[in-house]
Amino acid sequence: MTATGFAKVMRQLFRDIGGTSAGAINALLLAGLGPPQEAKSLEVLQALADVNMFRFVDGDDDAQDFVRATVDYVLDDGDDEKGMLASIFQPLRNGAAKAHLAFKAGQVMDNLTDDLGLNPGNFFTDWLAEVLRRRGVETVEQLQAQMVTPPLIDRGTGKPLQSVETRASIGIVAADITTESKVVFPRMAELYWSDWQGMNPAELVRASMSIPGFFVPYRVSGIPQGPGPRARWSTQAGYSGELPTEVLFIDGGIMSNFPINLFHGQGVPRAPTLGVKLGVDRTKPRRVNTMLGLAGAVFDSARHCADYEFLHGHPDYKKLVTFIQTGDHYWLDFGIDTDGKVDLFRRGVDAAADFLRDFDWEAYKEVRRGL
């Protein structure tokens, strides 16, 4: 099969999709902007190009000033110690810049102390909900109702595969820090809401993208209680303690930054599970010389460990994963302009085309048969 032909088939048959944090945003847009067989990448790009991402920084003036100072004055000099925490405080251009950022940091201490984060994330949630609303999706139930694929056809006989479920699924990973649970929405939503099918799916992504410190943790109150919920907590989350009445969620990336194992199955799959990562992992040893660098290294090691372990235990997945080089784009650049967004989109398109051009599905199935 040619790369063009394979890409067309993949577009037709992408049933299940998942992600964490920024990946969860993309997953919900791809799932919510039409049935699985419809192409929607350009609509996703348009939605992202139209929004001023600095409006996601919706805290008070002090919070916005601090974010501007952080992004404007941080040098991306390739320091090995720049992980999720340390990258915010990389070496600055000069003493004045460092003093300015320190002053702004002092002004937001009350935000962090009182709210546990700088930005409530309300603008983000409203924006995502509005993008989905324009396509008729305002509840999880409506989202799931449109996630139905046409019957899969057996290439040998030309007949429908009756044994294959045609309802697609989505997996949004969030971190429940109250019970220390890795949560996958919507499959585990019933643990946290009685009427989870009636809630807006944008809320699930809001729980997944709560970058520690930058966004206020996502808070859920009124957790269902009783014997039934207790049994579900034990079965689905492996939690057998006292049921919480309130839960805080932060960025799911602290537990699983690349959740390709969401759709893993034993044996030879009927279709491949393809993964996309931003940047290449562990290309060289990391130098740690400061306490802040140590904190960043510990944090990054913790959030990547489970994913690395899964990939190491399933080496066949190396044939299913591609990487997108992000160039000079900075992960906290809320002020990215339209050209930057288009450049990132183009990088993704190029990486996908290169991957599909070389991917050999029949050869991969042979690898799985040999395991």
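These legends walk through several close-up views of a predicted model.

Local features are described where pLDDT is at least 70, and side-chain atom pairs count only at pLDDT 80 or more, while totals for chains, interfaces and linings use all residues. Residues are numbered from 1 along each chain as its sequence is written, and side-chain values use heavy atoms, with hydrogens and water left out.

**View A. Helix α2 and what covers it.** Helix α2 spans residues 22-32; helices (H or I, at least four residues) and strands (E, at least two) are DSSP runs, numbered from the N terminus. Look here for Ala24, Ile25, Ala27, Leu28, Leu29, Ala31 and Gly32, which are buried. Buried means under 20% relative accessible area, exposed over 50%, and partly exposed in between, with a 1.4 Å probe and protein chains only. The cover over these α2 residues includes β1 (17-20), α3 (41-50), α7, α8 (140-146), β3 (170-176) and α9. Just after α2 comes Gly34, with a positive phi of about 140 degrees.

**View B. Helix α2 against helix α9.** The axes of α2 and α9 come within 8 Å and cross at roughly 165 degrees, which means that α2 is roughly antiparallel to α9. Axes are lines fitted to C-alpha atoms, for helices over the stretch in contact, and angles run from 0 to 180 degrees between N-to-C directions. Angles under 35 degrees count as roughly parallel, over 145 as roughly antiparallel, 65 to 115 as roughly perpendicular and the rest as oblique. Ala24, Ile25 and Leu28 of α2 meet Pro201, Ala202, Val205 and Ser208 of α9, where contact means heavy atoms within 4.5 Å. By class, this contact of α2 with α9 has 6 nonpolar, 1 polar and no charged residues. Ala, Val, Leu, Ile, Met, Phe, Trp, Tyr, Cys and Pro count as nonpolar, Asp, Glu, Lys and Arg as charged, and the others, Gly among them, as polar.

**View C. Helix α7 against helix α9.** Here α9 (residues 201-208) meets α7 (residues 122-133), with axes that come within 9 Å and cross at roughly 140 degrees. On the α7 side, the contact is made by Phe124, Thr125, Leu128, Ala129 and Leu132, and on the α9 side by Pro201, Ala202, Glu203, Val205 and Arg206. The classes in the contact of α7 with α9 are 7 nonpolar, 1 polar and 2 charged residues.

**View D. Helix α3 against helix α12.** The axes of α3 and α12 (residues 338-358) are 10 Å apart, at an angle of about 155 degrees. The two helices, α3 and α12, are therefore roughly antiparallel to each other. Ser41, Leu42, Leu45, Leu48 and Ala49 of α3 meet Thr338, Lys341, Val342 and Phe345 of α12. The residues of this α3 and α12 contact divide into 6 nonpolar, 2 polar and 1 charged.

**View E. Asn119 and its surroundings.** Asn119 lies in strand β2 (residues 117-119) and counts as buried, at 2% relative accessibility. Its side chain reaches the backbone nitrogen of Gly59 at 2.8 Å, and a polar atom of the Asn119 side chain lies 3.3 Å from the backbone nitrogen of Asp58. Not counting residues up to four places away in sequence, Asn119 touches residues including Phe56, Val57, Ala63, Arg206 and Phe214.

**View F. Trp361 in helix α13.** Helix α13 (residues 361-369) holds Trp361, which counts as buried at 12% relative accessibility. Trp361 and Lys319 are 42 residues apart in sequence and 9.6 Å apart in space, C-alpha to C-alpha.

Note on methods. Polar contact = N/O pair within 3.5 Å; in protein donor to acceptor, adjacent residues only side chain to side chain.
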